[in-house]
Amino acid sequence: MNPIGAPFFSFQQDGLQVESIPLTQIARQFGTPTYVYSRAALAANLDEFHQVLSQHPAGADSLVCFAVKSNSNLAILNLMARQGAGFDIVSGGELQRVLAAGADPTKVVFSGVGKTESEMAQALEAGILCFNVESAAELDRLNAVAGRLGKQAPISLRVNPDVDPKTHPYISTGLKTAKFGVPIENALALYEHAATLPHLKIEGIDCHIGSQLLDPSPFEEALERVLQLLDALQARNIPIHHLDLGGGLGIRYRAEDAQPTVESYLTPLLNMVQGRGLKIILEPGRRLVGNAGLLLTQVEFLKPGEGKNFAVIDAAMNDLMRPALYEAWHDIIEVTPRAGQAQVVYDVVGPVCETGDFLGQDRALSVQAGDLLAVMSAGAYGMAMSSNYNTRPRAAEILVDGDQIHVIRDREKVADLYALEHLIP
Ligand SMILES: *Cc1c(COP(=O)(O)O)cnc(C)c1O
């Protein structure tokens, strides 16, 4: 079976390779653990959105804002910006990053439930496209900060349509019980309040119901409720210029699974908004980068056990947290398959001192110590969620472009990890 990410990831004579570069070569030159991305895969994923939007009349005025939190490497942000993407940010830090990566600030939307005054000021000074406001208190704070700076803040309210996205509870955000957004029943009153605040300018409605959605119907259900709100607002002379439909489109994490196309997700939504003269903003994260990256790791030891066999690798939960945090599945495949050698079932675990430190459980592999493994679908929420737990320097990041290898983040050194710490006299 083709690996996830084919044709950009494929098996050739030298085993698994990314575009034209064998992973064995990357391991030899740069060591492991290392994140490896395909430039062509990144470009193809964003292009899929642009294609669908450009082929639908309701997509004529649209903007794809990459959700920076899914992968915030500067080189990746820069490539996205060069391909026309805007950005969805959730902190002042992410704003500084996208500006450093060459983003156009007028293509940046700012989400998040806890924006500080200084983050608001930073975004107002930069001149971003829109603040996605998540509470009544935030409306008032933003109005005050904009007033002090003599500016008007463009806003959308992030509404919570109370739709069950049927995904993992930790990544479902649009239910009544979520900390995100404002309940859609309260939105009308809040927009009326916002309309009275002199330093706010109402631009749109925003909605993001969750992540890793494989069934498009919750998106449609949410949009239906958002359109009802929009009609109620227009009736009260509060015009809405754009709809931000959030991110959340899922990817496959198992090679044998199918995944919804961007077309099957987007076309019904575009049909629903057609003729309303709205600008459409999307905030995909995972879908643009998830299957464009993998985590390359080496087997350190095989540890046969009573009830379990362990393959101890040099990557760990600090490098890729999703399995420990969400019990997420990532395909783990041999970079150089050993033909004819029997498979053994292993838990693939890292060296971190936590029982939850596994990247995969019950995986049939034919491996020996020293072999390379690829943890697939690691391009989103991989490096971005990594930590230095156990004083483990973060992995290097490499971007392959055809037969070119670019180091887009150096491997951290241990001394970097305590550089900001101080002894006391
Ligand atoms: C996380 C997030 C996204 C991106 O979600 P994906 O599932 O990665 O597409 C978009 N918008 C907001 C507000 C988010 O919090």
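Helices (H or I, at least four residues) and strands (E, at least two) are DSSP runs, numbered from the N terminus. The close-ups below come from a predicted model, in which local features need pLDDT of at least 70 and side-chain atom pairs count only at pLDDT 80 or more, while totals for chains, interfaces and linings use all residues. Residues are numbered from 1 along each chain as its sequence is written, and side-chain values use heavy atoms, with hydrogens and water left out.

View A. Tyrosine 381 is buried (under 20% relative accessible area), with a value of 10%, whereas threonine 391 is exposed (over 50%, with partly exposed in between; 1.4 Å probe, protein chains only), with a value of 51%.

View B. Most residues other than glycine have a negative phi, and most peptide bonds are trans.

**View C. Packing of helix 4 with helix 5.** Helix 4 (residues 92–100) and helix 5 (residues 117–126) pack at an angle of about 25 degrees, their axes lying 9 Å apart; axes are lines fitted to C-alpha atoms, for helices over the stretch in contact, and angles run from 0 to 180 degrees between N-to-C directions. That makes helix 4 roughly parallel to helix 5, a term for angles under 35 degrees. Gly92, Leu95, Gln96 and Leu99 of helix 4 meet Glu119, Gln122, Ala123 and Ala126 of helix 5, where contact means heavy atoms within 4.5 Å.

**View D. Aromatic pairs, of which the structure holds 3.** Rings of Phe, Tyr and Trp (its six-membered ring) pair if their centres lie within 6.5 Å, and planes under 30 degrees apart count as stacked, over 60 as edge-to-face and the rest as tilted. Tyrosine 35 and tyrosine 37 form a stacked pair, 6.3 Å centre to centre with 10 degrees between the planes; tyrosine 35 counts as buried at 0% relative accessibility, and tyrosine 37 counts as buried at 0%. The rings of phenylalanine 219 and tyrosine 265 have their centres 4.7 Å apart and their planes at 65 degrees, so this pair is edge-to-face. Phenylalanine 219 lies in helix 8 (residues 217–235) and tyrosine 265 in helix 9 (residues 262–273), so the pair ties together parts that are 46 residues apart in sequence.

**View E. Arginine 254 and arginine 363 over tryptophan 329.** Arginine 254 lies over the face of tryptophan 329, at 3.9 Å from the ring centre, and arginine 363 lies over the face of tryptophan 329 at 3.4 Å from the ring centre. A charge sits over a ring if NZ of Lys or CZ of Arg is within 6 Å of the ring centre and within 35 degrees of the ring normal.

Terms used. Parallel < 35°, antiparallel > 145°, perpendicular 65-115°, else oblique.
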